[in-house]
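Let's take a walk through this structure together, one stop at a time. Have the sequence and the 3D view ready, and look up each residue as we reach it.

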Amino acid sequence: MSSFANIWIWIKDWFEDRSERTKLIRSFNKAAREAFVIGIAPVLLQATISKGYRPYRHQFSSLLGGSGFRIKAMSGRQLTKDDIASIGAVVLADNILVRRLVVLGFDTFEVHCDVGTYGCRWQLYDFILIGSNS
Amino acid sequence: MQEEDNIKWENLIFYGMEQRSAPAKDRDYTNLYMELIDKCSPKHYLDTTKFDSAKNIYAELKKVKREYELADEIPEKPLIPIRDRAIHELGIQIQTKHKVDHLMQYFDPEIYIDMDPYPMERIRQANIFRKKVLQHSDDILAIEAIEKEASEFISSRDEEILKQEKNEQQRRNREEKEKREQYEKEKRNDLVVACVIIGLSLIFFIIMVFAPFAI
């Protein structure tokens with residue numbers, strides 16, 4: 001009986017997490033669109049879920065894949081490593097977002113642009129300890 | 001449009017974050033934990049060897065923090081080994097201001113000048129230690145070594161202070177006792193005077209009442 005209950009809880013949690021992840025992606029995309037339209041952000045960012053990078057897995061990583069948080073920058077040109085790193089740094093500086101990503105099963109953060117085949121990725125786990133100095 | 005699966009990924013650690021991450025040089029830290037957590041943060045160390053050390057040290061600091069979660073302040077004792085490790089592996093510099101100020105209280109020759117008899121040897125020692133502290137004022141390990149070396153000097157100074165405080169306390173107690181005795185004496189005198197006045201008044205009253213009958 002208890003194992004059945006555990007499975008039920010696991011299924012419920014999984015669906016809740018899926019829903020939360022979708023909500024997060026949607027809200028991120030909405031905020032990025034607004035920032036681009038107003039002129040705060042110089043490039044349009046679009047977030048999607050990717051399969052992630054296996055060596056970056058942690059204990060909360062999504063079990064059924066989809067552990068990567070990928071951002072595509074609509075720049076219209078090939079961005080340099082510095083450009084991509086600075087986009088990544090801006091997102092990773094948001095500690096709350098990073099923690100939320102980790103608890104929702106993401107382990108890899110990826111940024112690439114719409115032109116070329118170059119992208120950068122970070123291990124999210126490295127960033128959850130940083131920023132909380134107290 | 002590119003095929004997203006063909007992207008060549010480069011794994012970054014903290015690339016691009018170094019400009020925002022330099023710790024403030026003149027920051028005055030309230031305690032050792034705050035200083036270590038700021039100076040050992042992995043975001044300051046981009047080269048791989050130091051990054052790994054920083055990550056481990058940071059994790060250890062967080063572990064200590066969890067152990068003392070309910071305490072008002074994290075004690076320095078469990079942080080000392082981590083601090084020494086951070087100094088050796090990361091090359092950080094720990095602030096010495098508070099420690100130097102504290103030691104200078106003992107090594108200031110001026111405080112011994114008015115002593116009777118004039119403590120020539122003590123002043124000479126204080127000067128030597130003072131010079132040493134000033135020479136190594138940026139090195140916490142050297143400062144601690146000096147503190148250890150001067151422990152006898154410091155404890156004797158502490159004893160002197162304790163002795164002075166004890167004498168002061170005795171003097172205060174004596175003064176208080178004298179005051180209390182004076183007060184008691186005055187009170188007693190007042191009581192005698194009051195009794196005399198009451199007695200005289202009573203006699204006067206009796207005389208006034210019984211005098212007509214006597215006549």
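Start with A:Cys113: its sulfur is 9.5 Å from the closest cysteine sulfur, which belongs to A:Cys120, and that is too far for a bond. A disulfide is a covalent bond between the sulfur atoms of two cysteines. Here it is counted when a pair of cysteine sulfur atoms lies within 2.5 Å. A:Cys120 is in no disulfide either, with the sulfur of A:Cys113 as its nearest cysteine sulfur. Over all chains, the structure holds zero disulfides.

Before going further, a word on the ground rules: this is a predicted model, so local features need pLDDT of at least 70 and side-chain atom pairs count only at pLDDT 80 or more, while totals for chains, interfaces and linings use all residues. Residues are numbered from 1 along each chain as its sequence is written, chains are lettered from A and ligands numbered from 1 in the order in which they are written, and side-chain values use heavy atoms, with hydrogens and water left out.

Back to the two cysteines. Are they buried or exposed? A:Cys113 is buried, with a relative accessible area of 0%, and A:Cys120 is buried at 0% as well. (Buried means under 20% relative accessible area, exposed over 50%, and partly exposed in between, using a 1.4 Å probe and protein chains only.)

Now zoom out to chain A. Its secondary structure comes to four helices and four strands, and along the sequence they follow the pattern α-β-β-α-α-β-β-α. (Helices, H or I with at least four residues, and strands, E with at least two, are DSSP runs numbered from the N terminus.) Of the 134 residues in this chain, 43% count as buried.

Some of the aromatic rings of chain A are worth a look. Rings of Phe, Tyr and Trp (its six-membered ring) pair if their centres lie within 6.5 Å; planes under 30 degrees apart count as stacked, over 60 as edge-to-face and the rest as tilted. By this rule there are eight aromatic pairs over all chains. One of them joins A:Phe69 and A:Phe109, a stacked pair at 6.1 Å centre to centre with 20° between the planes. It links distant parts of the chain, with A:Phe69 in strand β2 (residues 68-74) of chain A and A:Phe109 in strand β3 (residues 108-113) of chain A, 40 residues apart. Both A:Phe69 and A:Phe109 are buried.

A:Phe109 also pairs with A:Trp122, this time tilted, at 5.4 Å centre to centre and 35° between the planes. A:Trp122 lies in strand β4 (residues 118-123) of chain A and A:Phe109 in strand β3 of chain A, so the pair ties together parts that are 13 residues apart in sequence. Put together, A:Phe28, A:Phe69, A:Phe106, A:Phe109 and A:Trp122 form one aromatic cluster.

Next, hop over to chain B. What does its fold consist of? Chain B has nine helices and one strand, in the order β-α-α-α-α-α-α-α-α-α. Buried residues make up 28% of its 215 residues.

The structure holds 16 of them over all chains. In one, the side chains of B:Glu149 and B:Lys132 meet at 2.7 Å, N to O. B:Glu149 lies in helix α8 (residues 140-149) of chain B and B:Lys132 in helix α7 of chain B, so this pair ties together parts that are 17 residues apart in sequence.

Another salt bridge joins B:Arg171 and B:Glu175, at 2.6 Å from N to O. These two both lie in helix α9 (residues 151-214) of chain B, four residues apart, about one turn of the helix. B:Arg171 is partly exposed at 34% relative accessible area, and B:Glu175 is partly exposed at 37%. Elsewhere, salt bridges that share partners join B:Arg83, B:Asp84, B:Lys99, B:Glu144 and B:Glu147 into one network.

Definitions and conventions: A salt bridge is a side-chain nitrogen of Lys or Arg within 4 Å of a carboxyl oxygen of Asp or Glu.
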